[in-house]
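Subject: Handover of a structure, with notes

Dear colleague,

I am passing on the structure below, and after it you will find my notes on what was found. Please read them with the model open beside you.

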Amino acid sequence: MSVLKKASQPIPIRTAEAIQALIRERGLKPGDALPAQRQLADYLGVSRPSLREALSILETLGVISVEAGRGVYVIDPATRAAAPAQWRYNQLFSLRDVYQTRLAIEGLAAALTAATIHGGVIAEFDSISSAMDAAAQRRDGLALADADTRFHDLIFSLCGNAMFQKLYQDIRTVFVESQRIPMAERERLSETAAEHRRVLEAFAAREPEAARRAMECHILNSAARAGLAIL
């Protein structure tokens, strides 16, 4: 029987949350192994592909290490934060390529959203931003990453540029992964939350140029947290 909750979330995110809960409930420490993947998939009531995606997300966030032929292990977040970023799309694009592309289009997408935004949508952004603040306070990288994705999804859905929306739809999984990379540094999660709050403040003031600057600053800072200078 599945132990997953929050049916509105994508299955890999719900699966990753369930794995985090299992780690807490069983008191697993860095170096401890999780159950074998087949056993874990059966316990959670998910498919192997969904489980593998959830494990990849948690590995990116510095929660676990997936070691081929050995198993899945809980790791010390300080150890993961000090290691080079695990970038799983390297055969397609470098992480620098992705951040440069994000810088090119997301600032303008934020500006376009700020130009047409209304009160009900501002309230939705505020709810997401509050979820990010709470996640950062308890150093929950997974919850922060999930809220971060919803924030950026909402911007593109509202920007009014059909080409931006199509481009984002086509490369969304790569953008989302780039958002997760810096979140392995749990000590710095509050920076991500604060940067989104500044974008929201520009939205609330209906100031497109301020929204553009705030978003571009966020992307540059995210890249820096991932160890990259992109300009």
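**A loop residue to begin with**

Phe 93 is found in the loop between helix H4 (77-82) and H5, where helices (H or I, at least four residues) and strands (E, at least two) are DSSP runs numbered from the N terminus. Before going on, please keep in mind that this is a predicted model, in which local features need pLDDT of at least 70 and side-chain atom pairs count only at pLDDT 80 or more, while totals for chains, interfaces and linings use all residues. Residues are numbered from 1 along each chain as its sequence is written, and side-chain values use heavy atoms, with hydrogens and water left out.

With a relative accessible area of 35%, Phe 93 is partly exposed; buried means under 20% relative accessible area, exposed over 50%, and partly exposed in between, for a 1.4 Å probe and protein chains only. If residues up to four places away in sequence are not counted, Phe 93 touches Trp 87, Val 98 and Val 174, contact meaning heavy atoms within 4.5 Å. Phe 93 and Gly 71 are 22 residues apart in sequence, and their C-alpha atoms are 28 Å apart in space.

**Other single residues**

Ala 115 is exposed, with a relative accessible area of 54%.

Ser 50, in contrast, counts as buried at 15% relative accessibility, and this residue lies in helix H3. Leaving aside neighbours within four places in sequence, Ser 50 is in contact with Ile 11, Pro 12 and Thr 15.

Arg 139, in the loop between helix H6 (119-137) and helix H7 (141-158), has a phi near 55°, which is a positive value in a residue other than glycine. Arg 206, in the loop between helix H9 (189-204) and H10, also has a positive phi, near 55°, and is likewise a residue other than glycine. Arg 139 is partly exposed, with a relative accessible area of 44%, and Arg 206 counts as partly exposed at 44% relative accessibility.

**How two pairs of helices pack**

Helix H2 (residues 37-44) and helix H3 (residues 48-60) pack at an angle of about 105°, with their axes 10 Å apart; axes are lines fitted to C-alpha atoms, for helices over the stretch in contact, and angles run from 0 to 180 degrees between N-to-C directions. H2 and H3 are therefore roughly perpendicular to each other, since angles under 35 degrees count as roughly parallel, over 145 as roughly antiparallel, 65 to 115 as roughly perpendicular and the rest as oblique. In this contact, Gln 37, Arg 38, Leu 40, Ala 41 and Leu 44 of H2 meet Arg 48, Leu 51, Arg 52 and Leu 55 of H3. By class, the contact of H2 with H3 has 5 nonpolar, 1 polar and 3 charged residues, where Ala, Val, Leu, Ile, Met, Phe, Trp, Tyr, Cys and Pro count as nonpolar, Asp, Glu, Lys and Arg as charged, and the others, Gly among them, as polar.

The axes of H9 and H10 come within 8 Å and cross at roughly 170°, which makes H9 roughly antiparallel to H10. The residues of this contact divide into 7 nonpolar, 5 polar and 4 charged. Among those of H9 are Glu 191, Thr 192 and His 196, and among those of H10 are His 218, Ser 222 and Arg 225.

**Empty space in the model**

Rolling a probe the size of a water molecule over the atoms shows where empty space is left. On a 1 Å grid over the protein atoms alone, a cavity is a set of points where a 1.4 Å probe fits but cannot get out, and a pocket is an open set with protein on both sides within 12 Å along at least five of seven lines; lining residues have an atom within 4 Å of a point.

The count comes to 1 cavity of 30 Å³ or more, and the largest cavity has a volume of about 40 Å³, a volume being the space filled by probe spheres set on the grid points, which are joined across faces, edges and corners. Its lining includes Arg 102, Asp 148, Thr 192 and His 218, and helix H10 (residues 208-225) gives the most to that lining, with 3 residues.

With best wishes
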